Amino acid sequence: MQPFNRGYVFDYDNGNNHSTMKRTLLLIAVCVLSFSLYAQEDEFETIGKRQGGLKVSGFAGPVMSFTRIGDDFTHMMGGGGGVIINNFFFGGYGMGKTTEITYAGEPNYNMTFGHGGFWLGYTFMHNKAIHPVIHTQLGWGKIGKVDKNLNIEPDPNFGDQVFVVSPAIELEMNFSHFFKLGVGANYSFVYNTGEVGSPYTFEDFAHPGVFMSLKFGWFK
């Protein structure tokens with residue numbers, strides 16, 4: 001009976017050794033797997049690209065708006081572009097009137113109006129498919145006139161040199177990383193009117209408008 005007992009005891013101890021080894025290997029495997037998953041989530045960072053660092057991109061595209069000058073419906077066409085840093089963007093723009101409006105008090109002339117300058121704005125929740133944007137155009141321009149028949153300015157030096165401020169709110173739609181479409185409303189403030197004796201006043205331009213913008217670029 002004694003050899004049987006010794007053999008039994010030996011087999012039991014060997015089983016414990018195997019069980020302990022399995023538990024140890026399982027623990028090591030879990031630790032290795034956990035470290036591997038952590039390493040995958042912890043993105044490799046460099047000086048040029050850090051998590052939570054600056055995201056820089058850019059855009060450009062056409063803009064069209066609809067408003068009034070005095071009692072006349074007006075279509076403005078132009079475009080702009082800029083640099084995007086995180087949610088803030090800054091750049092430049094240019095807009096010009098395309099509809100024919102008779103120059104006030106002078107039926108043989110059409111009124112001209114255009115402006116351009118800086119474009120500043122901020123995008124909220126840019127990663128959402130539809131999100132709000134607020135921005136402002138700050139520019140300089142000119143109110144002038146051209147001969148209806150000859151389509152030339154009677155005097156290139158004639159015209160009000162004006163300063164334009166146009167704040168806006170916009171709903172922007174992400175169609176891809178390369179293209180966005182926006183629709184919104186703005187309000188124009190045109191200063192320094194009537195400086196050369198023209199009949200136009202601040203109130204002639206102080207009207208709300210609507211606009212649509214197409215933005216092409218790389219959006220992160």
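What follows moves from strand pairing to cavities and then to rings.

This is a predicted model. Start with strand β9, residues 208–218. Strand β1, residues 56–69, pairs with β9 in the antiparallel sense. The pairing runs over 7 bridges. Within it, Gly58 has Trp218 of β9 as its bridge partner. Strand β7, residues 179–187, also runs antiparallel to β9, and 9 bridges join the two. Here Val183 is bridged to Met212 of β9.

The structure holds 2 cavities of 30 Å³ or more. The largest cavity has about 260 Å³ of space. Its lining counts 25 residues. Ser65, His115, Ser166, Asn186 and Ser188 are the ones nearest the centre. Five strands, β1, β4 (109–123), β5 (130–147), β6 (160–174) and β9, each supply at least two lining residues. β1 gives the largest share, 6 residues. By class, the lining of the largest cavity has 13 nonpolar, 11 polar and 1 charged residues.

The second largest cavity has about 30 Å³ of space. Phe59, Ala60, Gly61, Pro62 and Val63 are among its lining residues, as are Gly80 and Trp119. Ser213, Leu214 and Lys215 also belong to this lining. β1 and β9 each supply at least two of the lining residues. β1 gives the most, with 5 residues. The lining of the second largest cavity divides into 6 nonpolar, 3 polar and 1 charged.

The rings come next. The count is 19 aromatic pairs. One of them joins Tyr122 and Phe124, with 5.0 Å centre to centre and 70 degrees between the planes. That pair is edge-to-face. Tyr122 is partly exposed, at 34% relative accessible area. Phe124 is partly exposed too, at 35%.

Why does the pair of Phe175 and Phe179 count as tilted? The ring centres lie 5.5 Å apart and the planes stand at 35 degrees, so the pair is tilted. The angle falls between the cut-offs of 30 degrees for stacked and 60 for edge-to-face. Phe175 has a relative accessibility of 55%, so this residue counts as exposed. Phe179, at 22%, is partly exposed.

One aromatic cluster takes in Phe118, Trp140, Phe163, Tyr187, Phe189, Tyr191 and Phe202.

Finally, look at Lys145. Its charged end sits over the ring of Tyr109, 4.8 Å from the ring centre. Lys145 also lies over the face of Phe158, at 4.8 Å from that ring centre.

Technical notes: Residues numbered from 1 in each chain as written. Predicted model: local features only at pLDDT ≥ 70, side-chain atom pairs only at ≥ 80, totals over all residues. Heavy atoms only, no water. Pairing = 2+ DSSP bridges. Helix = DSSP H or I, 4+ residues; strand = E, 2+ residues; numbered from the N terminus. 1 Å grid on protein atoms, 1.4 Å probe; cavity = no way out; pocket = protein on both sides within 12 Å on 5 of 7 lines; lining within 4 Å. Points joined across faces, edges and corners; volume = space filled by probe spheres on them. Nonpolar A, V, L, I, M, F, W, Y, C, P; charged D, E, K, R; others polar. Phe/Tyr/Trp six-rings, centres within 6.5 Å; stacked < 30°, edge-to-face > 60°. Buried < 20%, exposed > 50% of the residue type's maximum accessible area, 1.4 Å probe, protein only. Lys NZ or Arg CZ within 6 Å of the ring centre and 35° of its normal.
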